[in-house]
Structure formats: C-alpha cells, structure tokens
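I opened a new page for this chain.

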Amino acid sequence: MSNWVVGELGGEMFEWLTNEENDAIAMLKRDHDNMKALFDRFEKAERKAEKQKIVKQALEELRLHSTLEEELFYPAIREQLKNGVMNEADEEHHVAKVLIAELDTIDSDNDHFDAKFTVLAESVRHHIKEEENEMLPKARDLKIDFQALGEKMERRKAELKAKGLPPTAEDANRKTHGRADSPARAAHRRKSPGSVTKKRVVMKRSANSRRG
C-alpha cells in the first residue's frame with residue numbers, strides 16, 4: 001500500500017496509511033505524531049501540574065528522537081541527498097536543543113515557562129513539516145534498507161532508555177556561560193531592583209579598596 005495520499009489542495013501529503021510498518025521512516029513518523037499530540041495537550045492543559053508532566057514527557061521524547069536521527073538516520077541519508085535539507089535539519093535540531101536545555105533550568109512557576117515551551121513546540125512543528133514534506137520523501141527513494149535501519153534504531157532506542165541519553169553541547173553551554181544568554185534570566189534580572197543596588201555596592205567597595 002502506498003504511503004502517499006493526495007491532499008485537499010492537490011499537493012502531496014505525507015501520511016502513513018497503516019501502523020504495521022516498522023521501518024526507519026515509519027518510526028520517525030510515529031514519533032512526530034506523538035510529539036504533536038503532546039504539544040496539543042499542552043495547549044489545552046490548564047493546571048500547572050499537568051503542564052509540567054506534559055513538558056517532562058515531551059522533552060524526554062524529543063531528546064531520544066533527535067539522538068536517533070543524529071546518530072543513525074541522518075548519517076545514512078546525508079551522503080546521498082547532498083543538499084541544504086540536511087544542513088537546515090541540523091540547525092533546527094540545535095535550536096530545539098538550546099530551548100530544551102533552558103527549559104531544564106526553570107520550572108512552571110517561571111513566567112517564561114509556558115512561552116518557552118510554546119516556542120519550542122512551534123519550532124519542532126516546523127521541523128516536522130520540513131522533514132515530512134522534503135527530507136523523508138526524498139529519503140524514501142534512496143537505495144537504503146530502511147527496514148534494517150529501523151531495527152538498528154529500535155535497538156539503539158532500547159539502549160538509550162536503559163543507560164540514559166548522552167549530554168549535548170547545548171547542555172554543556174547551559175551549565176556555563178550560556179545560562180546568562182537566556183531571555184528569561186535577563187528579564188528576571190531587569191525586574192529585580194536588588195540586583196542594581198548590589199552592583200552599586202560592589203563597585204563602591206572596589207573603588208574604596210583602590211583608594212586605600
């Protein structure tokens with residue numbers, strides 16, 4: 001059975017017609033559907049605890065999905081595609097991982113929590129659309145055993161779930177100077193009058209010490 005249907009406007013629309021397939025592309029598509037469902041749930045959620053639970057699950061699934069793509073799927077198709085689609089996918093992953101790392105540093109009480117996750121959801125939705133409309137259709141035509149690749153991805157997924165995900169460069173940046181670049185942190189500093197007073201006291205003490 002074909003994996004392609006004609007959309008309402010006559011264009012091609014990427015849609016799986018069966019859940020029985022278990023190749024690499026089908027795996028990615030199911031992940032995409034799960035993530036979009038989580039984003040929809042977050043938008044409808046009203047209680048803070050519920051939102052926290054959804055965000056936690058979404059971040060875990062995004063990390064796992066992006067790791068599988070970067071370690072196995074992207075390398076398998078990159079050399080044969082040889083176009084800007086892969087570079088754009090790399091950059092979209094980077095943007096998502098920066099937001100994920102920042103979300104790890106705040107909780108639902110932070111007034112930027114909802115906004116930051118909403119921006120992440122919008123970014124990932126765009127990434128999914130790009131993959132399903134451009135990358136995956138082109139990948140499907142490549143001479144690659146996607147069934148074997150899917151089995152390899154399943155084994156790696158089980159291993160990552162058991163042993164944990166490796167830290168990313170964006171995680172490392174968050175733990176050092178990268179934290180100061182967060183808009184939420186900058187906004188918090190601007191709203192805190194104590195930070196200005198403290199800075200003036202430190203500057204005054206420094207000047208006095210030099211005169212002494």
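**Entry 1: Arg41**

I began with Arg41 and found its place in helix H1; helices (H or I, at least four residues) and strands (E, at least two) are DSSP runs, numbered from the N terminus. Before going on I noted that this is a predicted model, in which local features need pLDDT of at least 70 and side-chain atom pairs count only at pLDDT 80 or more, while totals for chains, interfaces and linings use all residues. I also noted that residues are numbered from 1 along each chain as its sequence is written, and that side-chain values use heavy atoms, with hydrogens and water left out.

Arg41 counts as partly exposed because its relative accessibility is 39%. The classes are buried (under 20% relative accessible area), exposed (over 50%) and partly exposed in between, with a 1.4 Å probe and protein chains only. Not counting residues up to four places away in sequence, Arg41 touches Ile54 and Gln57; contact means heavy atoms within 4.5 Å. I also looked up Arg41 and Val55, which are 14 residues apart in sequence and 9.9 Å apart in space, C-alpha to C-alpha.

**Entry 2: Ala26**

I stayed in helix H1 and looked up Ala26. Ala26 counts as buried, because its relative accessibility is 3%. From Ala26 to Gln147 I counted 121 residues in sequence, and the C-alpha to C-alpha distance is 9.5 Å.

**Entry 3: H1 against H5**

At what angle do helix H1 and helix H5 pack? H1 (residues 24-44) and H5 (residues 146-163) pack at about 50°, and their axes are 7 Å apart. That makes H1 oblique to H5. Axes are lines fitted to C-alpha atoms, for helices over the stretch in contact, and angles run from 0 to 180 degrees between N-to-C directions. Under 35 degrees counts as roughly parallel, over 145 as roughly antiparallel, 65 to 115 as roughly perpendicular, and the rest as oblique.

On the H1 side I listed Ala24, Ile25, Met27, Leu28 and Asp31, which meet Phe146, Leu149, Gly150, Met153, Glu154 and Lys157 in H5. By class, this contact of H1 with H5 has 7 nonpolar, 1 polar and 3 charged residues. Here Ala, Val, Leu, Ile, Met, Phe, Trp, Tyr, Cys and Pro count as nonpolar, Asp, Glu, Lys and Arg as charged, and the others, Gly among them, as polar.

**Entry 4: Leu68**

I moved to Leu68, which is found in helix H2. Leu68 is buried, because its relative accessible area is 1%. Leaving aside neighbours within four places in sequence, Leu68 is in contact with Phe73, Met153, Arg156, Lys157 and Leu160. The C-alpha atoms of Leu68 and Met153 are separated by 6.4 Å, though the two are 85 residues apart along the chain.

**Entry 5: the core**

Which residues have the most contacts inside the largest nonpolar core? I found Phe73, Ile77, Met135, Ala139, Phe146, Leu149 and Met153, in a core of 23 residues. A nonpolar core is a set of buried Ala, Val, Leu, Ile, Met, Phe, Trp, Tyr and Cys residues joined through side-chain atoms within 4.5 Å. H1, H2 (48-81), H3 (84-103), H4 (113-140) and H5 each supply at least two residues of this core. The largest share, 7 residues, comes from H2.

**Entry 6: the whole chain**

Last, I noted that the chain has 8 helices and 2 strands. Of its 212 residues, 38% count as buried.
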